[in-house]
Amino acid sequence: MTRLLNQVRSGQLVEAPLRRSRATASTSLPLRLALLVMLGASLGGCANLFDTDKEEKIYPDVPAEQRYNEGLTLMQKEDYAEAITRFEDVDRQHPYSDWARKSMLMIAYINYNQGRYEESIGAARRYLTLHPGSADAAYAQYLIASSYFDQIPDISRDQQRTQRAMDSLEEVVRKYPDTEYAVSAKRKLEVARDQLAGKEMMIGRYYLEQRNYAGAINRFKVVVTRYQTTRHVEEALYRLTEAYMALGIMSEAQTSAAVLGYNFPDSSWYKDAFKLVESRGVSPKLNEQSWIAKAFKGLGLG
């Protein structure tokens, strides 16, 4: 390297080609360019070797607890992006510590709180994969369910996320029945069920308008058998009365009206159903062999 520098300073690498003929100098131009490129690279390497003023930046190994507390402080200041960075540092630098476990949960929580539901679901699932038996596993599962729940769409749209919310909420209740999260999950389950029941009712009403009575009955049957505790069940029983009467199946029409009156005697839907069957010269009458009667035995009928 020193010899190469001395040759450059003395001009040897520049003067040597001048001693050749013009033809030789012309044909050696690419070689000269290549030598200059190599020389520049070599000089750059030498500069790095002798540049003692530059030092490599070293990141200190901050204790996990300190970094975790920094994240909490940033959360209080609502600097959520930096807070996540601190918690990620804990997870990366101290992956087997209890602070790393807590940091993963905080990342899931911050993402949920900021409406980044997919990120929250991903972080919470990773937590459950690594720490399925921890005391906070119930909360991680609840964050997943709540992330889906908060994305429940309008009733006119596809309800796939509503079903995912229900599945996740039911998992909270099933796996962690004695926790506070199970109590909250049950309340959210009722809302999700009502949403799905409402979707079935909307489609069922459409089928009725189109005089597709079989299709309508199938939709109302879903409400009656799966979502009995929702606010839609009274109307579903009335619509069943309508559909069965339109098909001339009076026994089922009378049964749906009778079940409606037995379980919801003060309902306006029952009053309408009673008038409807009475207009055919009959009254509500229970057929215990009907699927409608069997579906409601759990509510005290029959």
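## One turn apart

R193 and E190 lie 3 residues apart in helix α11 (residues 180-209), so about one helical turn separates them. Their side chains meet in a salt bridge, 3.0 Å from N to O. A salt bridge here is a side-chain nitrogen of Lys or Arg within 4 Å of a carboxyl oxygen of Asp or Glu. Helices are DSSP runs of H or I with at least four residues, numbered from the N terminus. E190 is partly exposed, at 34% relative accessible area; that label covers values between buried (under 20%) and exposed (over 50%), using a 1.4 Å probe and protein chains only.

Helix α13 (residues 233-247) holds another pair: R239 and E235 are 4 residues apart, again about one helical turn. Their closest N and O atoms are 3.1 Å apart, and both residues are buried.

## About the model

This is a predicted model, in which local features need pLDDT of at least 70 and side-chain atom pairs count only at pLDDT 80 or more, while totals for chains, interfaces and linings use all residues. Residues are numbered from 1 along each chain as its sequence is written, and side-chain values use heavy atoms, leaving out hydrogens and water.

Which residue does R101 form a salt bridge with? The partner is D136, with the closest N and O atoms 3.2 Å apart. R101 belongs to helix α7 (residues 98-113), while D136 is in the loop between α8 (117-130) and α9 (137-149), 35 residues apart. R101 counts as buried at 14% relative accessibility, whereas D136 is partly exposed at 28%.

## The wider picture

Salt bridges also link R67, E70, E82, R86, D89 and R92 in a network. The count comes to 18 salt bridges.

Terms used:
Helices (H or I, at least four residues) and strands (E, at least two) are DSSP runs, numbered from the N terminus.
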